[in-house]
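Here's a quick briefing to keep beside you while you turn the model around on screen. Have a look at the fold first, then work through the points below.

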Amino acid sequence: MASTSDDIIKNSNGLGYTASSAAHPETLIKPPAAPSKGQDTIEVRLEFGGGLHLLFSSQPRHTINLPRFVPDSDASPPQPVNMRYLVKWMKGNLLSEREEMFGDGDGVRPGILVLINDADWELEGELEYELRDRDEVVFISTLHGG
């Protein structure tokens, strides 16, 4: 069966890539299961705006469970999970394509506004902010094509 231009538009994820799963985001890669129940975990809610959701399996909202302390850290006492760990975790576990559109070193690209519980992350300590149970982190792209 030949593909038509209408099929390409329907199946496009908005970044120029086409895939049959683009029309059904529920079939795309899911984040890994939560850490085992024996571990001390926190729940973090993530939201993506300004088109960033297209990089995260086309889902604008995710609820994830993270360990309360950075795993495999030699620090004593154990270091609480922070935004630096979250961004790294997202790149390895949630990001479905084009890391360069989201990540820049340990952080996020310029042009991505990050809100932690509705406050600009610059006011909260950026990458050093220690995540707490039920924090909400919103990533919004402020860059637009035209």
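Predicted model: local features only at pLDDT ≥ 70, side-chain atom pairs only at ≥ 80, totals over all residues.

Residues are numbered from 1 along each chain as its sequence is written, and side-chain values use heavy atoms, with hydrogens and water left out.

**Overall make-up**
- The protein chain has three helices and seven strands; these are DSSP runs numbered from the N terminus, with helices (H or I) of at least four residues and strands (E) of at least two.
- Reading from the N terminus, the order is α-β-β-α-β-β-β-β-α-β.
- Of the 146 residues in the protein chain, 32% are buried (under 20% relative accessible area, with a 1.4 Å probe and protein chains only).
- The protein chain exposes about 8800 Å², and 49% of that comes from carbon and sulfur atoms (Shrake-Rupley method, 1.4 Å probe).

**The sheet**
- Five strands make an open, mixed sheet in the order E2-E1-E7-E5-E6; strands pair if DSSP finds at least two bridges between them.
- E2 and strand E6 (119–120) are the edge strands, each pairing on one side only.
- H2 lies across E1, E2, E5 and E7, and runs at about 120° to E2 (axes are lines fitted to C-alpha atoms, for helices over the stretch in contact, and angles run from 0 to 180 degrees between N-to-C directions).

**Strand E5 and its partners**
- E5 is largely enclosed by the rest of the structure, because four of its five residues are buried.
- E5 and E7 run antiparallel and are joined by five bridges; Val114 stands opposite Phe139 in E7, and Ile116 stands opposite Val137 in E7.
- Ile116 also has a bridge partner in E6, namely Ala119.
- Two residues separate E5 from E6 in a hairpin, and Asn117 in that turn has a positive phi of about 50°.

**The core**
- The largest nonpolar core has 29 residues, and Leu46, Leu66, Met83, Met90, Phe102 and Phe139 touch the most other members; such a core is a set of buried Ala, Val, Leu, Ile, Met, Phe, Trp, Tyr and Cys residues joined through side-chain atoms within 4.5 Å.
- H2 gives the largest share of this core, six residues.
- Leaving aside neighbours within four places in sequence, Phe139 is in contact with residues including Leu46, Met83, Met90, Phe102 and Val114 (contact means heavy atoms within 4.5 Å).

Methods:
Buried < 20%, exposed > 50% of the residue type's maximum accessible area, 1.4 Å probe, protein only.
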